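Here is a short report for a first look at a protein model. Keep the sequence and the 3D view side by side as you read.

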Amino acid sequence: MKILQLMAKAISFKNDSIDIIIAKFFSFAVLWFSPLFIKMVVVTSLIILDTIMGVVAAKKQGQEITSKKLREGMIPKAIGYAVMVSACHIIDTEVYFINAASLSVMFVAFAEMKSMDENFKKITGFSVWEKLLKHLNKS
């Protein structure tokens, strides 16, 4: 039997009050997504670092920094990444174990590090990514 079916049997809602149902739901959610905790910490840390570097780069270029710009850039990105990693976790546990959640975190890490490199170039004029590619092309 699949994990979801077993958990559904364990948290049957028959004759339960609404507060018990809510408690069971949140308990289920915590248990279900607890393996993602470290992955989500990594994703969140990368988003925060990229945001900080973006603010510094914008300030260096003389752009106005507003909470609206931060909110419009950061929140959809965080929600999108969280949904992607969570969906991959469901694929891993319910469909087929292919380490999709870990692969999705690696994708996020690559995207965020590339964005941080772009911001780093705006701040310093130097791109670590371009230097790395130039070095690899010499080899």
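## The largest pocket

Which residues lie nearest the centre of the largest pocket? They are Gly54, Val55, Ala58, Lys69 and Leu70. In total, 18 residues line this pocket. The elements that each give two or more residues to the lining are helix 3 (37-60), helix 4 (67-95) and helix 5. Helix 3 gives the most, with six residues.

The volume of the largest pocket is about 360 Å³.

## The overall fold

This model is predicted. The protein has six helices and zero strands. From the N terminus on, its elements therefore read α-α-α-α-α-α.

## Surface and interior

The protein has 139 residues, and 22% of them are buried. It exposes about 9700 Å². Carbon and sulfur atoms supply 71% of that area.

## A closer look at Asn119

Asn119 sits in helix 5 (residues 100-124). Is Asn119 buried or exposed? Its relative accessibility is 9%, so Asn119 counts as buried. The cut-off for buried is under 20%.

What does Asn119 touch, leaving out residues up to four places away in sequence? Its partners are Asp50, Met53, Gly54 and Ala57. One of them, Gly54, is also among the residues nearest the centre of the largest pocket.

How values were computed:
Residues are numbered from 1 along each chain as its sequence is written. This is a predicted model: local features need pLDDT of at least 70, side-chain atom pairs count only at pLDDT 80 or more; totals for chains, interfaces and linings use all residues. Side-chain values use heavy atoms; hydrogens and water are left out. Helices (H or I, at least four residues) and strands (E, at least two) are DSSP runs, numbered from the N terminus. Buried means under 20% relative accessible area, exposed over 50%, partly exposed in between (1.4 Å probe, protein chains only). Accessible areas come from the Shrake-Rupley method with a 1.4 Å probe; for residues, only the protein chains shown count as cover. Contact means heavy atoms within 4.5 Å. On a 1 Å grid over the protein atoms alone, a cavity is a set of points where a 1.4 Å probe fits but cannot get out, and a pocket is an open set with protein on both sides within 12 Å along at least five of seven lines; lining residues have an atom within 4 Å of a point. Grid points are joined across faces, edges and corners, and a volume is the space filled by probe spheres set on the points.
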